[in-house]
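Okay, thanks for coming, everyone.

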Amino acid sequence: MAELLQFVFSGLTVGAIYALVALGFTLIYKASDIINFAQGEFVMLGGMTTVFVAQAGVPLPLAAGIAIIATTAIGLALHRFAIEPARGATPVALIMITIGASIFLRGTAQIIFDRRFHSLPPLLGADPIQFGGAAILPQSLIVLASGAVIVVALWLFIERTIFGKAVIATAANRLAARLVGVDIRRIVAFSFAVSAAIGAIAGVLITPIALTSYDAGTLLALKGFAAAMLGGIGSALGAVVGGILIGMFEALAAGYLSSNYKDAVAFLIILVVLVAIPQGLFGRAKIERV
Amino acid sequence: MRSWLEIRLLPPMAVAAVFVCMPWFFPSAYYYRIGALVFILALAVAGLNLLMGFAGQVSLGHAGFLGIGAYSVAIGPAHFGVPSWFCLFAGAALSAAVAFIVGRPILRLKGHYLAVATLGFGLLVAIVLTNEAGLTGGPDGMTVPRLTLFGWSVRGSDVWYWIAGTTFLGGFVLALNLMESPTGRALRAIHDSEVAALMLGVDVTRKKLTIFIISAVYASVAGSYLALFNGHITPDVAGFLRSIELVAMVVLGGMGSILGSLVGAVLLVVLPQALTIFHEYEQSLLGLILIVFMIFLRRGIVPSVAAIFAGWRK
């Protein structure tokens, strides 16, 4: 029982990070129909920038703030210089652009930073808390709490502000939104900025638990994308549930089967779920008009 | 009818001419090596293009079939003493069987859902190849015994240049013929609208499955060649980055253009070689070039250039 509890805790922690990455995918997809494969790179940039700014002598919280702002700026730049000029390109071409951006960011991070693994000191110390026979790192609780705060804040912003309403309108019907005066370009730019910020926060939070390096983004992007699809693309609730489910599958597979095959189990389950429910857990089936 | 046939076979004939003449300009064996690599990858890309460009189905896990082909010619001779040439065919048959089993359920998925399902499939192949170390040598990979045909050991970059190029040309003509067949027309109908194709009596599921299997066989043969040519193979051959590279070659060259597949392969094989002079900036430049190409030639190089020429003629 204690063992199971232990696996569930570690699954929740990792799952919360996947959920944040999946949320980034969902937000950009909602606003622009683009699958942004550079999403994992935002996480990497958040972690790596914090590490290097802190090494330069800046206090940790300030370093984290700088990293989040810098990553947000990079997200905006990605939209301005790569996505905006390619307006009207096919979805596959746009995916290739985001993949190009992820290769570019990874390559540049390797030059500016280095090729080693890095960690950050945990915010509330490294002594595990005992709970029902399982040990929880205080940092895990911070990850979970921050994840919940981000999800709620984003939900409040989207549902309760006029700008959020414009985002919903854009997601529902771009042409209709433009006709009632919504500036689509600003909405899409906003979605890139917020996704980058969420990614960077995830990066700052997870680095004390899992190490980070210049190439940490690829796998995170894959898991986040898979989580978003598992939940049903375009559904924020689906992204969160999908992320946590994948984290759980992985932790349980690593604990009870083999840690070598934890990724295999996660993707096998995604395959099975999608075959059973082709539009994901919370997605809506698209009806094609002929 | 005759003139139509001539136009259709013009691109492969032009490629054949370049293929035969190129070696006169090769200063060293290194160029044969690059040429062989280009044709091997172009074969896999041509197969993927049949799936993506013609049938409109995305696969982000096609390197999985590359891996099956590659490890067939590695494991068969090394562990079971089966001749390499036989393993090449057995690998292709295995890939076709896997494509049949996997394809049936996942080809029902659409768009990004299909993308994530194929992605999962490719990763599963790579994970199995990495972890079954007793058979595959694990992450470090394994040595691939040389191909022996009629007592003659096939080795050397120049020999492989000719083998790979000839096979690619065969695959090129085969793909063109396939696209002009009833199956090809049905696939293009599916590409334009699945529901409309269905209403016209096209067996959508079966046609999609057929093309998925064919593209898997192309990738498997390319994977076998790659393993035999390099003499060493690691699970990276089936990895996500390989799959992405194949998709990038399809999209850069031009979806729906087999000639574009070759151009895409040339670009992404030659470019990194050329960029090595920039040392550590290699990756950044590669990413930038990919972005710039997709912004300015968004339909792919061959279709975009063809459109420009068509504009001039008017």
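This is a predicted model: local features need pLDDT of at least 70, side-chain atom pairs count only at pLDDT 80 or more; totals for chains, interfaces and linings use all residues.

Chain A is built from 11 helices and two strands.

How compact is chain A? Its radius of gyration is 19 Å, close to the 19 Å that the globule rule gives for 290 residues, so chain A is as compact as a globular protein of that length. Along the principal axes, its C-alpha atoms fill a box of roughly 60 × 50 × 35 Å. Of those 290 residues, 52% count as buried. And if you take the contacts in chain A with a separation of 6 or more, 74% of them come from residues 24 or more positions apart.

Let's zoom in on one helix pair inside chain A. Helix α3, residues 60-83, packs against helix α8, residues 184-206, at an angle of about 145°, and their axes are 8 Å apart. The crossing of α3(A) past α8(A) is right-handed. On the α3(A) side, the residues making the contact include A:A64, A:A67, A:I68 and A:T71. From α8(A) you get, among them, A:V188, A:A189, A:F192 and A:A193. Sorted by class, this contact has 15 nonpolar and six polar residues, and no charged ones.

You'll find A:D33 in the loop between α1 (2-32) and α2 (39-55) of chain A. A:D33 is not a glycine, yet its phi is positive, about 65°. Is A:D33 buried or partly exposed? With 15 C-beta neighbours inside 10 Å, it counts as partly exposed.

Now, on to where the two chains meet. In total, 39 residues of chain A are in contact with 35 residues of chain B. On the chain A side, α4 (91-112), α9 (217-231) and α11 (262-276) each supply at least two of the residues that touch chain B. Which helix gives the most? That would be α4(A), with 14 residues. By class, the side of chain A that touches chain B has 29 nonpolar, seven polar and three charged residues.

So let's stay with α4(A) and look at its partner across the way, helix α13 of chain B, residues 282-296. The two axes come within 7 Å and cross at roughly 160°. Since an angle over 145 degrees counts as roughly antiparallel, that makes α4(A) roughly antiparallel to α13(B). The crossing here is left-handed. Among the residues in this contact are A:M96, A:I97, A:F104 and A:R106 of α4(A), along with B:L286, B:L290, B:I291 and B:M294 of α13(B). By class, the contact has 13 nonpolar, seven polar and one charged residues.

Last stop, a residue in chain B. B:E245 sits in helix α11 of that chain, residues 240-253. Is B:E245 buried or exposed? There are 21 other C-beta atoms within 10 Å, and 20 or more is the cut-off, so B:E245 is buried.

How values were computed:
Residues are numbered from 1 along each chain as its sequence is written. Chains are lettered from A and ligands numbered from 1 in the order in which they are written. Two residues are in contact if their C-beta atoms, placed from the backbone, lie within 7 Å. Helices (H or I, at least four residues) and strands (E, at least two) are DSSP runs, numbered from the N terminus. Ala, Val, Leu, Ile, Met, Phe, Trp, Tyr, Cys and Pro count as nonpolar, Asp, Glu, Lys and Arg as charged, and the others, Gly among them, as polar. Axes are lines fitted to C-alpha atoms, for helices over the stretch in contact, and angles run from 0 to 180 degrees between N-to-C directions. Angles under 35 degrees count as roughly parallel, over 145 as roughly antiparallel, 65 to 115 as roughly perpendicular and the rest as oblique. A crossing is left-handed if the near helix is turned anticlockwise from the far one by less than a right angle, and right-handed if clockwise. The radius of gyration is taken over C-alpha atoms; the globule rule is 2.2 Å times the number of residues to the power 0.38. A residue is buried if 20 or more other C-beta atoms lie within 10 Å of its own, exposed if 12 or fewer, and partly exposed in between; C-beta atoms are placed from the backbone.
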